[in-house]
Amino acid sequence: MRRSLSLSSIKWVEFGRFFLLLVVALVMLVPLLWTFVTSIKPEALTLTYPPRWIPEKITFENYREVWSRASLTADIVFSRCFFNSTFLAIVTVFLTLIVASLAAYAFSRLKFPGRDFIFMVVLSTLIVPGEIILIPLFMICYRLGWINSYNAVIFPGLGGAFGVFLLRQFFLTIPKELEEAARIDGCGSFRILITIILPLSKSALAALAIFTFLGSWNNFVWPFVVLLDGSKMTLPVALAQFLNTGGNWSVYGKIMAAAGIASIPPILIFMFAQRQIISSIAITGLKG
Amino acid sequence: MSVNLKMKNFRYNRSFSVIGNYLYILPFMFFFIVFFAFPVFQGLYISFTEWRVAGQPIYVGLKNYIELFHDRLFYTTLKNTLIYVLEFFPLSVIIPLLLAVAINRYIIGLDFFKFALVAPMVVSVSAVGLIWKWMFNTTFGLINYYLEKVGIHGPNWFMDPKFAMLAIVLTSLWWGIGWNLIIFSAGIKNIPQELYEAAQIDGANRWACFWYITLPNLTQTLLFITVTGLIGSFRVFGQVYVLTNGGPYDSTRTLVFYIYDNGFRYFKMGYASSISWILFIIILGITLLQFKYLKGWGEQQ
């Protein structure tokens, strides 16, 4: 009697857990679904009360218009911004992988005076808020003539400590015996990096690549400050400009299509690399 | 003799390779120094100057800081930031912690739950802002529609100073809980399963397991999340810019927003820098306190 009672109470707890999670999950998904639903409605049918989840008519007109015509704001065309975002993200990923893996290799494997001290200094900057360099960095880029230039977005990010930290943590887990054997065979340190360390670190490099891509794609404050020209803007910056240009707030179909264009690539990446991303965030968190 | 020569050669090779080793960190250190370390100190200097974008900075000593002390809008933005942090930060720790505990044990559709809870994290902040501006729309938004269904007349979210910050907090929670959820999940997975099995034999219920096993074993994770999370919440800007633009009546204007305003709307670079240093000092102070007390708490457990 007692046993069956406790069994059924466990079942209820389990059911409660599932039900609560389901509710939370749906609440989390609603804004994304609603964005999509709104974006495929004809503009005239977006402002309805009560809100309609199932559109009377499905159209991709909003996407087409936002994508190709500068109809919403003065000089912002989303296809151009999409190109800017993609280009900047790819270049940033590429350069970050090179710069960070070289430095991480030295900090984890090579010996030189002051190594650990330098690394501690670099690491401690992870708690420094980026806003503190917003003004001076802007002035540096201003003097370099980098306002409205891709350079201002690409290069300052390469001094970030996160990638070096992530890769160093991973390199430290690679057994030293492997490279000692190679060293006896006369391999130089650079060849060891290229032929042994990097091939063994594919998962960490992939994680850093995904992080850097998402970080660059979604970066807001800095590009917002230095990319003022519509033809140079990234998607997040262009989205925020809807306000400044006195954008018409009733064109929600187009606004949601624009938000969709900016959100679809990162969400797709997340869908396909979900486990990879989750495990690498976990690594950073655990070893942080 | 030949041994001596060999030693010399060896030394030469070593010192050469040491210089070679520095070459690996050279590219990174170049960007780190030019675009991070140097600007940090330059920013401190700028905060003691008056600087319009064109022209040279003029040293004015503590003038900016003194001005800040008398600036009512500065106090407003400081207060707004603290309100945001106090509302957002505890929830951004507690909700993901409970969710992480809930999805830790086997459940049907785990991948779906993970996707739903974490996906908002990868949406860029300005898209998040636009999406929620639409969600909170007074007349046609989903939020007020569903509130009406349960008998609550929804407010005019972004026009009402009482509700604007709440809307920003809710938006930020939607955007931010995924990150902490992942980190908590990883921390929970690292707790040895035997501890729970032993506790179950002793007849401990779930609450006791959570309180006496899960939580004490998560002190490292909690330290990481509270330190990074608190820094992050002090930096709130993008959501505010898109959702309310600081309004109504400056009720959502935050410190970083005020830095932006001064630097890039009024071009008062010196003044903006002094605000960012105040922000940094606040963050540094709180971080040090956290390390001191949370570490102590962790060692006690």
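This is a predicted model: local features need pLDDT of at least 70, side-chain atom pairs count only at pLDDT 80 or more; totals for chains, interfaces and linings use all residues.
Residues are numbered from 1 along each chain as its sequence is written, and chains are lettered from A and ligands numbered from 1 in the order in which they are written.

**View 1. Overall form of chain A.** Chain A has 14 helices and zero strands; helices (H or I, at least four residues) and strands (E, at least two) are DSSP runs, numbered from the N terminus. The radius of gyration of chain A is 25 Å, well over the 19 Å that the globule rule gives for 288 residues, so chain A is more spread out than a compact globule. That radius is taken over C-alpha atoms, and the globule rule is 2.2 Å times the number of residues to the power 0.38. Along its principal axes, the C-alpha trace of chain A spans about 80 × 75 × 35 Å. Of the contacts in chain A with a separation of 6 or more, 75% are accounted for by residues 24 or more positions apart; two residues are in contact if their C-beta atoms, placed from the backbone, lie within 7 Å.

**View 2. The two domains of chain A.** The domain assignment gives domain 1 (2–66) and domain 2 (74–287) of chain A, with bounds that come from an automatic or database domain assignment. Their C-alpha centres lie 33 Å apart. In this chain, 12 residues of domain 1 are in contact with 12 residues of domain 2. On the domain 1 side, helix H1 (2–39) and helix H2 (61–68) of chain A are the elements that give two or more residues. That side has four nonpolar, five polar and three charged residues. For these classes, Ala, Val, Leu, Ile, Met, Phe, Trp, Tyr, Cys and Pro count as nonpolar, Asp, Glu, Lys and Arg as charged, and the others, Gly among them, as polar.

**View 3. The loop between H1 and H2 of chain A.** A:Pro50 is found in this loop. A cis peptide bond, with omega about -5 degrees, joins A:Tyr49 and A:Pro50.

View 4. Buried residues make up 39% of the 288 residues in chain A. A residue is buried if 20 or more other C-beta atoms lie within 10 Å of its own, exposed if 12 or fewer, and partly exposed in between, with C-beta atoms placed from the backbone. The buried residues of H10(A) include A:Ala204, A:Leu208, A:Phe211 and A:Trp217. Leaving aside neighbours within four places in sequence, A:Leu167 is in contact with A:Ala100, A:Ser101, A:Ala104, A:Ser201, A:Ala204 and A:Leu208.

**View 5. The contact between chain A and chain B.** This contact takes 75 residues from chain A and 73 residues from chain B. H1, H3, H10 and helix H13 (252–272) of chain A are among the elements that each supply at least two residues of the chain A side. The largest share of that side, 13 residues, comes from H1(A). By class, the side of chain A that touches chain B has 62 nonpolar, 10 polar and three charged residues.

View 6. B:Val169 lies in helix H7 (residues 161–189) of chain B and counts as buried, with 22 C-beta neighbours inside 10 Å. Not counting residues up to four places away in sequence, B:Val169 touches B:Tyr84, B:Glu87 and B:Phe88. The C-alpha atoms of B:Val169 and B:Val85, 84 residues apart along the chain, are separated by 8.8 Å.

**View 7. Two loop residues of chain B with positive phi.** B:Tyr249 lies in the loop between helix H11 (238–243) and helix H12 (255–265) of chain B. Although B:Tyr249 is not a glycine, its phi is positive, about 55 degrees. B:Tyr249 is exposed, with 11 other C-beta atoms within 10 Å. B:Phe267 is placed in the loop between H12 and helix H13 (269–300) of chain B. B:Phe267 has a positive phi of about 55 degrees and is not a glycine; with 13 C-beta neighbours inside 10 Å, B:Phe267 counts as partly exposed.
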